[in-house]
Amino acid sequence: MSDILVVDDERDIRELICDILRDEGFSTRMASNSNSCMAELNAAPPSLMILDIWLKDSRMDGIDILKHVKRDNPDLPVVIISGHGSIEIAVAAIRQGAYDFIEKPFNVDQLMVVICRAMETSRLRRENSALQHHNSKAAEMIGQGAAFKALKSQLEKVAQSNGRVMLTGPAGSGKEIAARYIHAASNRADAPFVTVSSAAVQPDHIEEVLFGRETAERGVEHGLLEQAHGGVIYFDEVADMPHGTQSKILRTLVNKSFTRVGGTAKVRVNLRVFSSTTRNLRAEIKAGNFREELYHRLNVVPIEVPSLEDRREDIPLLARHFIEQFHANQGLPLRDLAEDAEVILQTMRWPGNVRELRNVIERVLILGEGTDPIEACALPGQSRRQEEDNIALSTGLTTLPLREARELFERHYLMAQINRFSGNISRTAGFVGIERSTLHRKLRSLGVVTTNRSGVRMDRFKDG
């Protein structure tokens, strides 16, 4: 949970604020004067600071500390509190970069609202700043299989247009990576790419986050739509957007302008809009959860991002890419993949898709030892699974006549290989070492039925 530094010369006030924050789940630190405040800042910058203007027995007052903080930690949100409040002091604090000004005695609910909003705004700014500076790296696409090539071809085509794109697919499949790839290949590549996480923003705060706000005390605060002007706004999991906000986004897309919360002037924006979802939006429309007009505005170019199970051929390539990434970014060992580990990774189920594969590789590198190639037994659950499979197969085989035992082994073996090659019969036949027509006859005789998208399934056993 976020760490908050409370700076006030009155012990009762410090402890009261810290008790309130701890009850809300925050971790806190305290300082009674400018020296202890600076010591805490130098030890480790907090996530947020609550700062009193008047500090007895201090060489610096709150405004001086605020100036110092904004010079060295410009992204650190500071909420000013004071028992001697005035419009002049509030304006001075805001001009020096304070997020907000609260007068003592303060209302607890008001304090918590300001703190939560300050931390949320700070988080969004940090995330978007980081994303804007790492577009090219984040947009890297890894793969060589047929499903990947088809996806990449679609992305390259839409990159040359200005059309709105809706990306669908299961969670963890790489929809945002695909969106960033389009942006990096488009004529807006040097302009901002701003992400709106519809599920992460509080529903009662999302309009201020998107459209910005205007107040007499703080003036104009730009929202994410203005920050994305000239570039791309990406609505991640757009189905989670509140219904009331959907209508305002629709008007913005139609009019290419909006009004800030609390403002009256129209703000014109030039945006390209991407969106993504894991849900069936037509079903959401039927249930009354999503506006049909907005769906048609966003769904100009629909692109489906395939699951990892539809990209099994790419798994070894992705795994090695993640190994290199973790070595470069975290200093984890640079290890290769043994052949048996490749095969197991290609036959495993991946409900979490590419994100899950990345997590598995990170776990293996952290828990493993040395720099030898990663073997199948090092993968999560494989030691037990391998043992159970060996027992089941050996027990079954030894109790069957030779012909039935051979069929049982061949069925398991061929299903594993076809899954490994994403149902591609030609590649499976080449690896196994038999003609394609022979493999087809063998599969029919064993009762194994292939599908185009999800590998294989056992439909029936051929009677003896």
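Colleague: Why does glutamate 226 count as buried?

Modeller: Buried means under 20% relative accessible area, exposed means over 50%, and partly exposed is in between, with a 1.4 Å probe and protein chains only. Glutamate 226 has 17% relative accessibility, which is under 20%, so it counts as buried. This is a predicted model, in which local features need pLDDT of at least 70 and side-chain atom pairs count only at pLDDT 80 or more, while totals for chains, interfaces and linings use all residues. Residues are numbered from 1 along each chain as its sequence is written, and side-chain values use heavy atoms, with hydrogens and water left out.

Colleague: Where does glutamate 226 lie, and with which residues is it in contact, leaving aside neighbours within four places in sequence?

Modeller: Glutamate 226 lies in helix H10, residues 224–227. Helices (H or I, at least four residues) and strands (E, at least two) are DSSP runs, numbered from the N terminus. Contact means heavy atoms within 4.5 Å. Beyond four places in sequence, glutamate 226 is in contact with Phe211, Phe258, Arg260, Val267 and Val269.

Colleague: What makes histidine 229 count as partly exposed?

Modeller: Histidine 229 has 43% relative accessibility, which falls between the 20% and 50% limits, so it counts as partly exposed. Histidine 229 is found in the loop between H10 and S10. Leaving aside neighbours within four places in sequence, histidine 229 is in contact with Pro192, Arg268, Val269, Asn270 and Leu271.

Colleague: What phi does aspartate 57 have, and why does aspartate 57 count as exposed?

Modeller: Phi of aspartate 57 is positive, about 55°, although the residue is not a glycine. Aspartate 57 has 81% relative accessibility, over the 50% limit, and therefore counts as exposed. Its place is in the loop between strand S3 (48–52) and helix H3 (62–72).

Colleague: What makes glutamate 237 count as buried?

Modeller: Glutamate 237 has 14% relative accessibility, under the 20% limit, so it counts as buried. Phi of glutamate 237 is near 50°, a positive value in a residue other than glycine. Glutamate 237 sits in the loop between strand S10 (232–236) and helix H11 (243–255).

Colleague: Which peptide bond is cis?

Modeller: The bond from lysine 104 to proline 105 is cis, with omega near -10°. Proline 105 is in the loop between strand S5 (100–103) and helix H5 (108–133).

Colleague: Why are H15 and H18 called roughly perpendicular to each other?

Modeller: Helix H15 (residues 339–347) and helix H18 (residues 402–420) pack at an angle of about 80°, with their axes 8 Å apart. Axes are lines fitted to C-alpha atoms, for helices over the stretch in contact, and angles run from 0 to 180 degrees between N-to-C directions. Angles under 35 degrees count as roughly parallel, over 145 as roughly antiparallel, 65 to 115 as roughly perpendicular and the rest as oblique. The angle of about 80° falls within 65 to 115, so H15 and H18 are roughly perpendicular.

Colleague: Which residues in H15 and H18 meet?

Modeller: From H15, Glu342, Val343, Gln346 and Thr347 meet Ala416, Asn419 and Arg420 of H18. The residues of this contact divide into two nonpolar, three polar and two charged. Here Ala, Val, Leu, Ile, Met, Phe, Trp, Tyr, Cys and Pro count as nonpolar, Asp, Glu, Lys and Arg as charged, and the others, Gly among them, as polar.

Colleague: How many disulfides does a search of the whole structure find?

Modeller: The search finds zero disulfides, a disulfide being a pair of cysteine sulfur atoms within 2.5 Å. Cysteine 18 has a relative accessible area of 0%, under the 20% limit, so it is buried. Cysteine 37 is also at 0% and therefore counts as buried.

Colleague: In the chain, where is confidence lowest and where is it highest?

Modeller: Confidence is given as pLDDT, the predictor's confidence in each residue, from 0 to 100. The lowest mean, 37, is in strand S16 (residues 456–458), and the highest, 98, is in strand S6 (residues 165–168). Over residues 453–464 the pLDDT is below 50, and this stretch has 34 contacts in the model beyond near neighbours in sequence. The chain averages a pLDDT of 84, and 88% of the residues score at least 70.
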